[in-house]
Each structure stands twice: as structure tokens, then as C-alpha cells.
Amino acid sequence: MKEKNIENQINEYLELYTNLWAFSGSIAAIKNGNVIFKKAYGYANIEHKVKNTIESKYRIWSITKQFTAAAILILEERRLLKVEDSIKKHFPNWSELNSEITIHHLLTHTSGIFNYSTIDKSKENFQRVHHEKSDLIKMFISRPLDFEPGTQWSYSNTGYYILGMLIEELSGFSYSQFLNKNIFLPLGMLNTGVDDDKKIVENKASGYYLNGNDLIHCNHVNMNLILSSGGMYSTVEDLILWDQALNNNKLLSKKSIEKMNTQYKNNYGYGIFINMHGNKRVVQHSGSCEGFLSEIHRYIDNDFAVVVLSNYGFTAVNKICKDITAIAFKEKCEIPKKPPVFPLSSEILKSYLGLYKEGDFSLELKQEREDIYIIINDEYILPVYPTSENILQHMWIDEQYTLTKDDNGELHLWGIKKK
């Protein structure tokens, strides 16, 4: 009866939320081994008016990394590797690879190997075109390290691509085949797989983004490059099965699970972040790229998990996870509401307008007549409105962007300094 009450509360919250803010996707939550909520919203394909269902499949992007990590730990349990091994031990022909880099360094983003996603104009000039594996490996191992292995933390999709190559090298199977044989099929995750962007996948949702006030299709990316760093698709039900398998040591030994869930640098474990939400430990990761956003939060000491998968690439999935968690644990959760427009003076607004840039990431705050926009990388346009003197609210989603001044009086938007 209590669980049903929680289900009703979550449902009421999401009815209010989805009537106020744009959301398209599927959501599921499990507590004490019982699924307490699952529901789908919006359209898997807008053009053909195909609605999302619980069986809809979404690209989950970087949530893939925990599956890659689990595959490495499976190989360790079979004594085909040790996470302390130098990568060079298993790829002796990679002469340019720094021999100090271990498997553990790749798993924890402490290898010093650069992140291919941060290459200048990476999406336009690198991630959307085909590359031979041999060319990729040569590029990945020949560049100077960003830092000495083990000394710092820096998120690296490149490192997880190399882990995929290691899985293939030691198992004799392709990355996709290994996961299917050793993870998906044994756990009954029959609606999960690795997306090569060629095979027809039934019930796979299309990804959309927002540009101004228009929904648009997202750009193509080379899924063979994304692969073990973010190439999977799944459903909310399958990811609940994944949570339960890890909780019950169904896939990995207790020792391997502990390795995976240990906080190393920057609160990162093996393919996951480990943080505190109030007084509860949460194992979590997100995934985002080209029209899809995904989030899984696993409260491993409380036997609770929530999964949000969206085919809108601009949804506040992290907030939805946190609010559902609050309801499940009978904690305070604010009723969804849209903040009113703040009468920001034209002088202050004018001082905010302009370009904010850090590396190859840029934001432009622009006004056209009465409308205000944040333009990301000269491509995506976010419609916003002021809710206070220094806070801008997204028109479509429950997300805010704060303007601040540093000690030198320099303006920052979303943490990015104004030029």
C-alpha cells in the first residue's frame, strides 16, 4: 500500500512537471526489489506520431562506460588481465604508448590520454566521419599525455575506446558480441545492444534537439568511434535489471563490485561517479549527445534506483532523478512551477549581452526585439527569460543559467567568462 502511494505521488509530480516543461522519454524506479514506477511520455518519432513506450530504446551514451568497466572486471575474474596491468603488456606493438598507463588509469580517467571530444571542432571534423581503427589507435597513443598517469583526473572518451579494444583483444570477440554474450543475454537485457547506426533496431526512438522554439533533428555521429565510450542503446526496464544484477552480485563478484564502486580521483569509480545525496550514497552517471539524454542513479545502500531516458537532448534529466528520489524517500520535493518573469532593466541586460568563451566552447547571449537567447557554439539556440537580476530561465525546460562576477568584476555565464 505504501509503495502504491509512492507510485501515485511520482505520477502526480510528473503529470504536473510534463505539463509545464518539455519532456519526451521513459522513466522507471525500483525500491527494495519492487518496481514502484514506470511510464513513458511524448513521442519516439514525431514525424510519424509514434509514441514512446516503456519498450522504447534510447541511446544511453556515456552510461555505456559502466558496462565497459564491468566487461573489464569479467575478464579480470577470468584471469585474462589485472587492472594493475600496463596497457602495453597487452598491446606490445603499440611502441609509442606510455608504459606507465595501466588499465586502472583508463577506467578512472587518470591516464593523461587526451579526450577526443575536446579536439577543436571535434563533432564537425572528427566525430562525424569514418576512421580506420588502426588510424585511431595511432592518433590516440602518439599524442603527448596531458599529465603523468595517476597524478590527475580528466574525463577521457579516448581511454574508454582503448578499453573496448582491450576487451576485443583478450576475448576474441567484437565489443558488441562480448557484451551480448556475457552481460545482456545472461541478465535478460534483451532490449539492449551496441548501436552501429546501420542495423535496424526495433522500437528505437529518434533523437531531437531544440533550436530557438523549434524541435530539430540532430546530427549524425560515427557510432564506431563512440563504441565502448558511449555506443549503447537500452530501455528503462533493462537498466533496472542492470541495477538489480549489480546489487545481487549476479554478474560480478562482491570484490569486483567494490572495485567498481570505490571513489578514486574526482569521486570517480570504474565507469561511474560515486557521490553523496544528503546522507545517502549514490552511484550515478549520465549520457548526452545528439538528441538523447540519459541518467541512472543507484542508491546502493538503500536498494533504490531511478532511470530517466529522454529523446530530447535538452531535458533536465538529473533534476527529474533527484525529485523522484526525494518522493521515494519521503523527503521535501517542490511542486513543479514556472518562475515569473523578472523586470530586468535594459541597462543591466545590455551589460550581459555578448560572447562567453572557454577553449572551443562558446555561449553568446543575444537579444532580438523582446526575445533573449543563449547560442551554444554558434549552433544551438536556447530561448530564455530573466527570473531575477542574474538568473535566466530556459523557456522549455526546468533549467536555469546564472550570471556571476568574479573578484576582478569579470562576468561569467554558466561558469564561462565573457570575452
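How many residues does α12 have, and how far does it reach from its first C-alpha to its last? The helix α12 has 12 residues and reaches 17 Å, close to the 16 Å expected at 1.5 Å a residue. The structure is a predicted model.

**Helix α12**
- Of the 12 residues of α12, 9 are buried, so the helix is largely enclosed by the rest of the structure.
- The buried residues of α12 include V317, I320, C321, D323 and I324.
- T325, A326, I327 and A328 of α12 are buried as well.
- K330 follows α12 and has a positive phi, near 55°.

**Second largest pocket**
- The second largest pocket holds about 280 Å³ of space.
- By residue class, the lining of the second largest pocket has 7 charged, 6 nonpolar and 2 polar residues.

**Open sheet β5-β9-β6**
- An open sheet is formed by 3 strands in the order β5-β9-β6, with antiparallel pairing.
- The edges are held by β5 (58–59) and β6 (193–194); each has a single partner strand, so one side of each is left without a neighbour in the sheet.
- Between β6 and β9 (residues 232–234) there are 2 bridges, in the antiparallel sense.
- V194 has M232 in β9 as its bridge partner.

**Hairpin of β7 and β8**
- β7 and β8 (residues 214–217) run antiparallel and are joined by 4 bridges.
- The bridge partner of Y208 is H217, in β8.
- There are 2 residues between the strands of this hairpin, in which G212 takes a positive phi near 70°.

**Positive phi outside glycine**
- R79 is not a glycine, yet its phi is positive, at about 65°.
- The place of R79 is the loop between α2 (64–77) and α3 (87–90).
- With a relative accessible area of 78%, R79 is above the 50% cut-off and therefore counts as exposed.
- N203, also a residue other than glycine, has a positive phi near 65°.
- N203 lies in the loop between β6 and β7 (208–211).
- The relative accessible area of N203 is 48%, which makes this residue partly exposed.

**Cysteines**
- How many disulfides does the structure hold? The number is 0.
- C289 is in no disulfide: the nearest cysteine sulfur is that of C218, 8.4 Å away, whereas a disulfide requires two cysteine sulfur atoms within 2.5 Å.
- C289 is buried, at a relative accessible area of 14%.
- C333 is likewise in no disulfide, and its nearest cysteine sulfur, that of C321, is 12 Å away.
- C321 itself is among the buried residues of α12.
- Is C333 buried or partly exposed? C333 counts as partly exposed, because its relative accessibility is 23% and buried means under 20%.

How values were computed. Residues are numbered from 1 along each chain as its sequence is written. This is a predicted model: local features need pLDDT of at least 70, side-chain atom pairs count only at pLDDT 80 or more; totals for chains, interfaces and linings use all residues. Side-chain values use heavy atoms; hydrogens and water are left out. Two strands pair if DSSP finds at least two bridges between them. On a 1 Å grid over the protein atoms alone, a cavity is a set of points where a 1.4 Å probe fits but cannot get out, and a pocket is an open set with protein on both sides within 12 Å along at least five of seven lines; lining residues have an atom within 4 Å of a point. Grid points are joined across faces, edges and corners, and a volume is the space filled by probe spheres set on the points. Ala, Val, Leu, Ile, Met, Phe, Trp, Tyr, Cys and Pro count as nonpolar, Asp, Glu, Lys and Arg as charged, and the others, Gly among them, as polar. Buried means under 20% relative accessible area, exposed over 50%, partly exposed in between (1.4 Å probe, protein chains only). The expected span of a helix is 1.5 Å times one less than its number of residues.
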